[in-house]
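Hi everyone, thanks for coming. Could you bring the sequence and the model up on the screen, please?

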Amino acid sequence: MARALVLARRGLYTTDPNPRVGCVLVRDGNIVGEGWHEQAGEPHAEIHALRVAGSEAQGATAYVTLEPCSHYGRTGPCALALRDAGVTRVVVAMVDPNPQVAGQGIALLEQAGIKVMVGLLEEDAEKLNPGFISRMRRGRPFVRLKMAMSLDGRTAMGSGESQWITGPEARTQVQRLRARSSAILSGVESIIMDDSRLTLRAEQLKLDEAERILRRQPLRVILDTRLRLPLAAACLQEPGETLVVTVPDHDPEKRRRLENAGAQVLVLGAGEDGRISLPALLHWLAKNRQINELLLETGATLAGAMLNAKLVDEMQLFVAPTLLGGDARPLFALPGLALMADQQRLMIHDMRAVGRDWRIIATPEPTSATDDTKVP
């Protein structure tokens, strides 16, 4: 199963919106076939492994990181393929959270007389697909917040100048975060300030499979309640889609000009404060665009709003060994924190050097507050 997990990780950047899955076939103590899901629309991991094994799949044990599918989509049911190949035992790391499968693949195998074991290295398997699991179980993407800051917690000079706080190694890591994400979310103010392209760039990705990865650009999502996105914005000139999200009270002429410039415009209902409803946006992205992992790259205001709404699942903070001073821009805008009891505590899971910078991976500390991110 450990080998199957290693194989599954090879699809980290290419399977979206499908999960990353690996499969190993073992017979008489020897690996006779292995495979992984390489790209959405192509054969699943089990099919690749069966093709390698050929007739040696007869009587073999299959180790699969996710329950074999039982339904017909762009490919046929893998559970039936394992049955027809003569596999006699299947070890599954985790049950598929997709309601179309959710135990049905296991049931199909058992009905065919195949022994099934579930739960081996389950936690490791779940870590491979946080976005797919979140979309299936919560009806919203897994949100990963990326920010770069100085040692004194600043993201840009008071003028807005911010390029570059961190070094090239950190920027390569950011490209990899983009590559594994279904979409990148930002606020229009950040786009106006930096004219960000929000794209994958080959010169910074530095991976052997970069050419294959670059075939898919993440969806660019920009929150813009007053439709202020410049028509000449760099993100509108790049390959891929740019989705501008606004509220009902907008200027039809501005919308027409943006659409003519290549943007798609989505009108969502506003919250009580007149701003875009962030939970509604995440649910829409999951349901209508199959967004698994959402990378939040933005300024202090939207980052703070997402944190306050308890919509951030993971934070990756890149810290540069530099000081920008008290007049520089802060990392988060978190109004209302007046007492130490109000502080938002984090759990740090990893901290390591990336070139001259440091990367901190953290998650918000769980609270007893009601989770309003569930499907309404």
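I'll start with the overall chain, then turn to one glutamate, and end with some positions from a UniProt entry.

A word on the ground rules. This is a predicted model, in which local features need pLDDT of at least 70, side-chain atom pairs count only at pLDDT 80 or more, and totals for chains, interfaces and linings use all residues. Residues are numbered from 1 along each chain as its sequence is written, and side-chain values use heavy atoms, with hydrogens and water left out.

So, the chain as a whole. The protein chain has 13 helices and 16 strands; these are DSSP runs, with helices being H or I of at least four residues and strands E of at least two, numbered from the N terminus. Along the principal axes, its C-alpha atoms fill a box of roughly 70 × 45 × 45 Å.

Of the 376 residues, 52% count as buried, meaning under 20% relative accessible area, with exposed being over 50% and partly exposed in between, for a 1.4 Å probe and protein chains only. As for contacts (heavy atoms within 4.5 Å), among those between residues at least 6 apart in sequence, 69% join residues at least 24 apart.

Now, the glutamate. Glu46 lies in helix α2, residues 45–53. Leaving aside neighbours within four places in sequence, the contacts of Glu46 include Cys23, Val64 and Leu66.

Last stop: UniProt, in an unreviewed entry, lists Ser162, Arg178, Leu198, Arg201 and Glu297 under "binding site". Positions follow the numbering used here, feature names are shortened, and annotations may be inferred rather than shown by experiment.

Leu198 sits in the loop between α8 (188–194) and α9 (202–205), and Arg201 is in the loop between α8 and α9. Leu198 counts as buried because its relative accessible area is 2%; Arg201 counts as buried at 12%. Not counting residues up to four places away in sequence, Leu198 touches Arg178, among others, and Arg201 is in contact with Gln175, Arg178 and Leu214.
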